[in-house]
Amino acid sequence: MLALAATSVAILSVMALALARALKADTVYDRILGVNMVGTKTALFIAIMGFLNGRPDFLDIAIVYALINFIGMIAVLRFFEYTASEPDEDTQEKSK
Amino acid sequence: MILEVISTILLILGAFFSLTGAIGLFRFPDFFTRVHAASVTDSIATILIITGLILRTDFDLVAVKLLFILIFLLLTSPTASHALAKSARHGGLLTLAEIRESKKGDND
Amino acid sequence: MFEQHFPVLPIVLPLIAAPLCMLLGRSQLAWLLATIVSGISFCIAVSLLMVTLDQGVLSYALGGWEPPWGIEMRLDVANALILSVVTGISTLVLVYAKDSIATEIPQSQHTLFYTAHLLCLTGLSGILTTGDAFNLFVFLEISSLATYTLVSLASDRRALTAAFRYLVMGTIGATFILIGVGMMYMKTGTLNMLDLAARIGEFEYNRTLNTGLAFILVGVSIKLALFPLHMWLPPAYTHAPSAVSAFLASTATKVAVYVMIRFIFTIYGAEYVFYSMGMDVILLVLAIVAIFNCSFVATVQSNVKTMLAYSSVAQIGYMILGISLVTTAGLMAGLLHIFNHALMKGALFMAVGAVFMRTGSADIKAFRGLGKTMPWTMAAFTIAGLSIIGVPLTAGFVSKWYLVTAALEQQHWMIAFLVLIGSLLAIVYIGRILEAAYFKDPVQSASDKTIKEAPLMMLVPMWILAVANIYFGIDTSLSVTAADAAANWLFEPSAQAVFQSASQSASELGAAR
Amino acid sequence: MVELIDLVLLGMLAITALRVIFLKDLFAVVMLFGLYSFLSALIFVNLDAVDVAFTEAAVGAGISTVLMLGTLALTGRKEKANNHTALLPLLVVIITGAALIYGTLDMPPFGHPDNPAHQHVAPRYIEESPKEIGLPNMVTSVLASYRAFDTLGETAVVFAAAIGVLSLLGMPKPGGVAIDSGLKSHLVLRVVAKLVIPMTILFALYVQFHGDYGPGGGFQAGVIAAAAVILYALVFGLPLATHVVRPNFLKVLAALGVLIYAGTGVTSFFLGGNFLDYNVLASDPVVGQHIGIIVIEFGIGITVFAAMLGIFYGFAAQAERTNIQ
Amino acid sequence: MSFIVDYYNYWIVVFLMMAGFYIVISANNLVKKIVGLNIFQTSVFMMYISIGKVQGGSAPIVADGITSYSNPLPHVLILTAIVVGVATTAVGLALVVRIKRAYGTVEENEFEDKDALI
């Protein structure tokens, strides 16, 4: 039980760090990386939480998280491909 | 009992790796190294933690679902990182090259 | 065999017809289906009105689950009256729409128009019939989403921004209602309206419930375009297709007024809202400001649809004024005005739509000389316009008369006086159009093409409403009886006590645990 | 533990929301919204609302974010700096917020089992529904039986949204010009997507039919199935996707789902029950409830699938159109 | 102290709601408005789910050995509300796309100016 709790705290702090990365990113890709990391860690977190609460039968949600996270990533990539012709605005982001 | 000990070790290891990944996300100098830190530790942490959890089940439907999550994450997470890095290379290549250039300039 | 299912049919029939319309694909068939279904709903609504006048209240437990566990449809005189208005206007508008949208909406979108119209009707009927606070929110959203679609169907690009503004405001309003319902649920543990009423009655003054009510009232006020939250309405009504403006102006805001009445009188009880929270003063002031401000703004508009839209906001002021008098007479005048105003605004917007169809503009200049070229349309416009002003022998006179009487009954001389001044302003804005139509020559540039009278399919519904304006101005027995019964019903808590027993057993069940 | 996690997650949400206010890069705003949605779904899991979390993750974080990105692709990424003062909005928000805080003061304490909300109506659902309906998932029981009319309304809302988007954006023409679309250069992605898509559809079916026993049901299944096709369209291009699932077919499906749901209700009429009374569908009420719930969940599933995919098609069609020009 | 423990959840949720509400009414860009609307609504959902939580309770799916369940009713309501929310979002975004095509901009003040010219 303690191990589970410890792991969940660790994952939660990883999420917090990744969130911080997503909020305060050097480039737009860093932001995506942060968001993606929050997504995968959330899936893990739900899995652990299920065990922590003694009801591990809700893992379906973790699957949805993983799936949606993936689709979100693909959508972002597609967005980049689509807007590639536009002048890239990362440079502005970076100059901060 | 043994299973639980193994599981605990795996979980702690997994937690440790994901923490290192998160730290790497901040400490590494440019985007590509950060992707590296994030994705590699992500994979190993996922494997360790999910395996650790599977050892805590009665090897029933829950274990199957966990296995499914593991396979799914192992398929999608590195793919996403790879595609992201590739996309960054395509789209943001210039800016990242500039960073290295300027770094080189500093060193020389 | 379907009599017992009548309370739910005005919702279910259009709901089933909407997807069928989409499947039919052919706009003619879709139109026929929509009109027939709407007509049947109207017949059912009228028969429901008769039954409720006779027996009081009809309750229908959906899924066979007794309230408060299941959702209840609950019809009394108040909502049966408005349901008849809504379904009736919907039928007339659909008849009118066939020719009207032919010029305003591209052919390929016609089926979608009828589908969206039916969904909107579903939503409005649902709001009116339901006895469940959350169910009301769901139907509110159905009608709203369909409305956004309907407004944006117009070819004018300003319709898009109007629809967007409407969407943002409408969603904020709906979310506020959601917050309010949540707070009510938090304190009472139920969502059924009468059950809520019974349980809220146990509280004398509670900050959570107060806030809940405040949020619901603000949310509903956005939906009914109460001054100063009315800014979404004029652009939406101006740029929407004419048939949509006619439908929305005569139904959507009325339904929202009904929701406000429901929450104030049925759920919280007039005593809680008006004496504990003092909402009557706020509503009274807002209503009077709405009447004056928006009537004034209406007098300076050059676009007739915008003018009518502002006039609608002003007329809503009259309804709220009736509610805020906190007497049976005032409430009855408000309800009566809901009924009569639907008749007037329906006819007016239909007439403007006909003019728009023939002249391509809804500007006041386009009305010049129409008294000669479109005599029937303008005659209908005149009748309805007189009704808005409140000329005797029209329906508008009746509701204003009752409103003034209700105000005088309370010794509110000022309010009665202000209502009369409001009517004077109506003379100004309606008068400008009548002047243009009958006493000015047509603009020269438009003379190369002769302006024809509107097609029969548009004139008939317009004239039905115009005649109804006169009929309900002379023979007030039906409308006044119904409004009076409804007002008494809403004000008399004992009339609602029928439910008490069921609610009691529910609370006993709760206590037993 | 629950409270602690709750607090941490709420704190994360607060920071994210604050950041969204000040960001001008709309792409970042949308990404953070996706994050917000994800984290709030996590809160829902933490507060025991597993079904809600399921839906929020799939709908809020998934579909909404994809649609927002699609819109951004068409409207541009940068919010222009606006010079009008934000004083009035701030005032409105402070007043509204103050009213809400005032309202919280008489609220029942968070999570207390004796709260009125848990006393009156809810106990019946918790204690009787497994017997009356025969399903372990109470949320499904309440959703599909006790409050089935709400859910019918919800299906109608989804249908109305599909109608709205259809009228505003239109539909792509199936087998249209096969222009350069899809993520051509990402070979790994294409291979993995081919693996993931069948798994997703399988998972959608599982969610559809397992919703009675675990979290899930028609909505979630419909959204996930739509997500699978969306993934296909994103990776392999819209023309191929419309070839597989034709837009006209979607229109029929969306209408059909609503009809199935409403038709179940009407069937109850003819069998002597009230609208949506499933007890009359079979001689044994519990069996009747079961049949009813399975049928309407199926109706919901196909409407939601068709509507969500149709909405996506609408946006994608616009993007393709601008691409050609 | 117990006062804070009782209400901290609602207070933060109120803050989140107001952050979303502020974005809706202050943003000039229509996409951002829609994002704000979503944040606002999602936060309201959180309020409902908080109402439904029972301390020591578990997810409302019957399982052996569990005696206390959280309240399923708010969950049902919010399931409905989420779907309503995404429906509104979809229509709103479709309108934004059309506005962009008709006006060439999605900034509120800019298309207001363009309309004023007519």
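**Exercise 1. The fold of chain E**

Task: Which pattern does chain E follow when read along the sequence? Describe the extent and burial of this chain as well.

Solution. 

Step 1. The model is predicted, and confidence is taken up before the geometry. The mean pLDDT of chain E is 87, and 97% of its residues score at least 70. For the complex, the predictor reports an ipTM of 0.93 and a pTM of 0.93.

Step 2. Chain E contains four helices and zero strands. Its pattern along the sequence is α-α-α-α.

Step 3. The radius of gyration of chain E is 20 Å, whereas a compact globule of 118 residues would have one near 13 Å. The C-alpha trace of chain E covers about 70 × 35 × 15 Å along its principal axes.

Step 4. Burial is counted next: 69% of the 118 residues of chain E are buried. Of the contacts in chain E between residues at least 6 apart in sequence, 44% join residues at least 24 apart.

**Exercise 2. The contact of chains A and B**

Task: Which element gives the most residues to the side of chain A that touches chain B?

Solution. 

Step 1. Chain A brings 39 residues to this contact and chain B brings 38 residues.

Step 2. On the side of chain A, the elements that give two or more residues are α1 (2-23), α2 (28-52), α3 (59-83) and α4 (90-95). With 13 residues, α2(A) gives the most.

Step 3. Sorted by class, the side of chain A that touches chain B holds 27 nonpolar, five polar and seven charged residues.

**Exercise 3. The contact of chains D and E**

Task: Which two chains share the most contacts among the seven pairs of chains in contact?

Solution. 

Step 1. Of the seven pairs in contact, chains D and E share the most contacts. This contact takes 86 residues from chain D and 69 residues from chain E.

Step 2. Several helices of chain D supply at least two residues each to the side that touches chain E, among them α1 (2-22), α2 (26-46), α3 and α12 (285-324). The most comes from α3(D), with 15 residues.

Step 3. The side of chain D that touches chain E divides into 57 nonpolar, 20 polar and nine charged residues.

Step 4. E:Val35 shows this contact at one residue. E:Val35 lies in helix α2 (residues 30-52) of chain E. Leaving aside neighbours within four places in sequence, E:Val35 is in contact with D:Val20, D:Val29, D:Val30, D:Phe33, D:Met68 and E:Ile23. E:Val35 counts as buried because 26 other C-beta atoms lie within 10 Å.

Step 5. Within chain E, E:Val35 and E:Gly20 are 15 residues apart along the chain, with their C-alpha atoms separated by 8.0 Å.

**Exercise 4. Two helices of chain D**

Task: At what angle do α3 and α9 of chain D pack, and which residues meet?

Solution. 

Step 1. Helix α3 (residues 50-75) and helix α9 (residues 218-236) of chain D pack at about 35°, their axes 10 Å apart. The crossing of α3(D) past α9(D) is left-handed.

Step 2. From α3(D), the residues that meet α9(D) include D:Phe54, D:Ala58, D:Gly62 and D:Val66. Their partners in α9(D) include D:Phe219, D:Val223, D:Ala227 and D:Ile230.

Step 3. The contact of α3(D) with α9(D) has 10 nonpolar, three polar and no charged residues.

**Exercise 5. A residue of chain C**

Task: Is C:Phe42 buried or exposed?

Solution. 

Step 1. C:Phe42 lies in helix α2 (residues 27-55) of chain C.

Step 2. Burial requires 20 or more other C-beta atoms within 10 Å. C:Phe42 has 21, so C:Phe42 is buried.

Step 3. Beyond neighbours within four places in sequence, C:Phe42 is in contact with C:Ser84, C:Thr87, C:Gly88 and C:Thr91. C:Ile142 is 100 residues from C:Phe42 in sequence and 20 Å from C:Phe42 in space, C-alpha to C-alpha.

How values were computed:
Residues numbered from 1 in each chain as written. Chains lettered and ligands numbered in written order. Predicted model: local features only at pLDDT ≥ 70, side-chain atom pairs only at ≥ 80, totals over all residues. Nonpolar A, V, L, I, M, F, W, Y, C, P; charged D, E, K, R; others polar. Rg over C-alpha atoms; globule rule 2.2 N^0.38 Å. Buried ≥ 20, exposed ≤ 12 C-beta atoms within 10 Å, placed from the backbone. Axes fitted to C-alpha atoms, helices over the stretch in contact; angles between N-to-C directions. Left-handed = near helix turned anticlockwise from the far one by under 90°. pLDDT = per-residue confidence, 0-100.
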